Amino acid sequence: CFVVMPLHLDNDQLHVTLLDPNADRDKLGARYCHGGYIFQIVDHQHGDCELLNGPQVPELFNTFDGQGIPDAFNLSPLRAVGDVSEALIIGVGLCELDKNYRKDKVKTFSDWSFSQSGNKVVLTCEQSHHDWALHLERTVTLIGRTVRSEIVLKNTGQAPIPMRWFPHPFFPHNDGDALCKINAPLRDDAITPQCPGYEVRPDGWIGRKAWPWDLPGQYHPLTHRAHAPLVIQQRHPKLGIVTATCSYVPDFFPIWGNINTFSWEPFYERNIAPGSAEEWSIDYDF
């Protein structure tokens, strides 16, 4: 039995709602990390409007597509040799994997502990499977109009942990076609004229084309020459621009959008040795 406490951060600017990783399991599946899942942000300075959406929101929410600012470790499941489908997904639990990863299911949810002090919530989870064991800590903080998400992953087991993590924030479309811009030069072949959904505009912004898109949407991996932590400027219909600052250089950087939403996924990939830990973060300035 878990004590249900609201996971909200609030000041005179923003109201941040996080999912409770123990009590909100009806909204959680095998894809996104359960702790630190930012479900919605409301802006007090703009008529208490909701700033985030999702691929199916508001028409139909589902746990695979999600909404808000989820993030995921699901593309690096910890599966032992001989296990056909059972694997541990970091931040989720023991899962039954399907050839179509949209159909992955949680068999056993991992339990979380969390504490809140003012506008800072810390969530922790211990997981183990075969020779793997780990300690995962998520911290979400609200400072003015900045929402900071911090992650610490420590390998407490006997086997290395291959990790692939990515955030997947969902933004409503702006009236214009400009979408986002990064603080690093794109490679010449980052978006070619043959790309069906995107183009690089003369002002350096990545823009949409062939609009309106359909529900499956437009996916495209971006190639870049970033040598410093990534900063992303994102167009927003209510705020003009939202800025995201990563603490890392992305190892892989796809963008995706459909008729309802637009998102980007700056991957952080590491192989964590036993006894070692990795720390990283991303700030969202609204």
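Trainee: Before we look at the spaces in this model, what is a pocket?
Mentor: On a 1 Å grid over the protein atoms alone, a pocket is an open set of points with protein on both sides within 12 Å along at least five of seven lines. Please keep in mind that this is a predicted model.

Trainee: How much space lies in the largest pocket?
Mentor: The largest pocket holds about 370 Å³ of space. It is lined by 22 residues, and those closest to its centre are Arg31, Phe64, Tyr101, His168 and Trp256.

Trainee: How do the residues of that lining divide?
Mentor: The lining of the largest pocket has 14 nonpolar, four polar and four charged residues.

Trainee: And cavities, how many are there of 30 Å³ or more?
Mentor: The count is one cavity of 30 Å³ or more. The largest cavity contains about 40 Å³ of space.

Trainee: Which residues line the largest cavity?
Mentor: Its lining consists of Gly36, Ile38, Ile69, Asp71, Ser149, Trp165, Pro167, Ile282 and Tyr284. Strand 13 (161-167) and strand 24 (277-285) are the elements that give two or more residues to this lining. By type, the lining of the largest cavity divides into six nonpolar, two polar and one charged.

Trainee: Why does Leu215 count as partly exposed?
Mentor: Leu215 counts as partly exposed because its relative accessibility is 40%, and that class lies between under 20% for buried and over 50% for exposed.

Trainee: Where is Pro212, and what is the peptide bond from Trp211 like, cis or trans?
Mentor: Pro212 is also found in the loop between strand 17 and strand 18. The peptide bond from Trp211 to Pro212 is cis, with omega near 5°. Most peptide bonds are trans.

Trainee: What about phi, which residues other than glycine have a positive value?
Mentor: Among them are Asp48, with phi near 55°, and His130, with phi near 55°. Most residues other than glycine have a negative phi.

Trainee: Where do Asp48 and His130 lie?
Mentor: Asp48 lies in the loop between strand 3 (38-43) and strand 4 (49-50), and His130 lies in the loop between strand 10 (120-129) and strand 11 (132-143). Asp48 counts as partly exposed because its relative accessibility is 45%. His130 is exposed, as its relative accessible area is 55%.

Notes. Residues are numbered from 1 along each chain as its sequence is written. This is a predicted model: local features need pLDDT of at least 70, side-chain atom pairs count only at pLDDT 80 or more; totals for chains, interfaces and linings use all residues. Side-chain values use heavy atoms; hydrogens and water are left out. Buried means under 20% relative accessible area, exposed over 50%, partly exposed in between (1.4 Å probe, protein chains only). On a 1 Å grid over the protein atoms alone, a cavity is a set of points where a 1.4 Å probe fits but cannot get out, and a pocket is an open set with protein on both sides within 12 Å along at least five of seven lines; lining residues have an atom within 4 Å of a point. Grid points are joined across faces, edges and corners, and a volume is the space filled by probe spheres set on the points. Ala, Val, Leu, Ile, Met, Phe, Trp, Tyr, Cys and Pro count as nonpolar, Asp, Glu, Lys and Arg as charged, and the others, Gly among them, as polar. Helices (H or I, at least four residues) and strands (E, at least two) are DSSP runs, numbered from the N terminus.
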